[in-house]
Amino acid sequence: MKIDQVDLITRVASQVLDILLMKYPTRTGLGLVLGSIFSFAVQLFAPALRSIKSMDFASSPWWGWLSLGVLVMHTPTVVSAFRQKPIGNDTVDQAMELIERGNLSKAEKRQQYRLLIEKVTNAAALKQEFQRELKDIEKSLAAEGKTP
């Protein structure tokens, strides 16, 4: 298996887990509402739907309609996962998408990307510095006989 295929599989699996673990609670909530509307509409029009011989919509379980509603509402998430290669950080991914969608010249886009890179590297440096400080505190507590 090629590394690109593995990357694609792990990216898709990550997106599926994000959706299942409600990374986008608004979309999930609206999907449940939409699924409930689907279920209600199917029950309301059950007599007319029973006349369709090829598919039996009326006997579909309610949870199937809820699942369909959630799937429909998360379609933009799935599409964006295949359209672009995400960085892995939602904030950075959204910033990159805004830069691309903006009506900016090439020079302005380049400048915005540079600013974004600068902010991300500063945040990473701060995170590393914080982790070093935390380890130092843990070491000093361990030396004093206290457990963190």
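Accessible areas here come from the Shrake-Rupley method with a 1.4 Å probe, and for residues only the protein chains shown count as cover. The structure is a predicted model, in which local features need pLDDT of at least 70, side-chain atom pairs count only at pLDDT 80 or more, and totals for chains, interfaces and linings use all residues. Residues are numbered from 1 along each chain as its sequence is written, and side-chain values use heavy atoms, with hydrogens and water left out.

View 1. Helices (H or I, at least four residues) and strands (E, at least two) are DSSP runs, numbered from the N terminus. The order of elements from the N terminus is α-α-α-α-α-α-α. The protein has 148 residues, and 16% of them count as buried; buried means under 20% relative accessible area, exposed over 50%, and partly exposed in between (1.4 Å probe, protein chains only). Its accessible surface is about 11,600 Å², with 64% belonging to carbon and sulfur atoms. Of the contacts (heavy atoms within 4.5 Å) between residues at least 6 apart in sequence, 58% join residues at least 24 apart.

**View 2. Leu8, Val12, Val16, Val78 and Phe82 make a nonpolar surface patch of about 380 Å².** Patches consist of residues with over 30% relative accessible area and no salt bridge; like charges are joined within 9 Å, and nonpolar side chains (Val, Leu, Ile, Met, Phe, Trp, Tyr) within 5 Å. A salt bridge is a side-chain nitrogen of Lys or Arg within 4 Å of a carboxyl oxygen of Asp or Glu. At least two residues of the patch come from each of α1 (3–20) and α5 (75–83). Helix α1 gives the most, with three residues. Val16, in helix α1, has a relative accessible area of 40% and is partly exposed.

**View 3. Phe38, Phe57 and Trp65 form one aromatic cluster.** Rings of Phe, Tyr and Trp (its six-membered ring) pair if their centres lie within 6.5 Å; planes under 30 degrees apart count as stacked, over 60 as edge-to-face and the rest as tilted. Two aromatic pairs are found in the whole structure. The ring centres of Phe38 and Trp65 are 6.3 Å apart and their planes stand at 70 degrees, so this pair is edge-to-face. It links distant parts of the chain, with Phe38 in helix α2 (residues 25–44) and Trp65 in helix α4 (residues 62–73), 27 residues apart. For Phe57 and Trp65, the centres are 6.4 Å apart and the planes at 35 degrees, so the pair is tilted.

**View 4. Trp65 is buried, at 12% relative accessibility.** Phe38 is partly exposed at 26%, and Phe57 is partly exposed at 27%.
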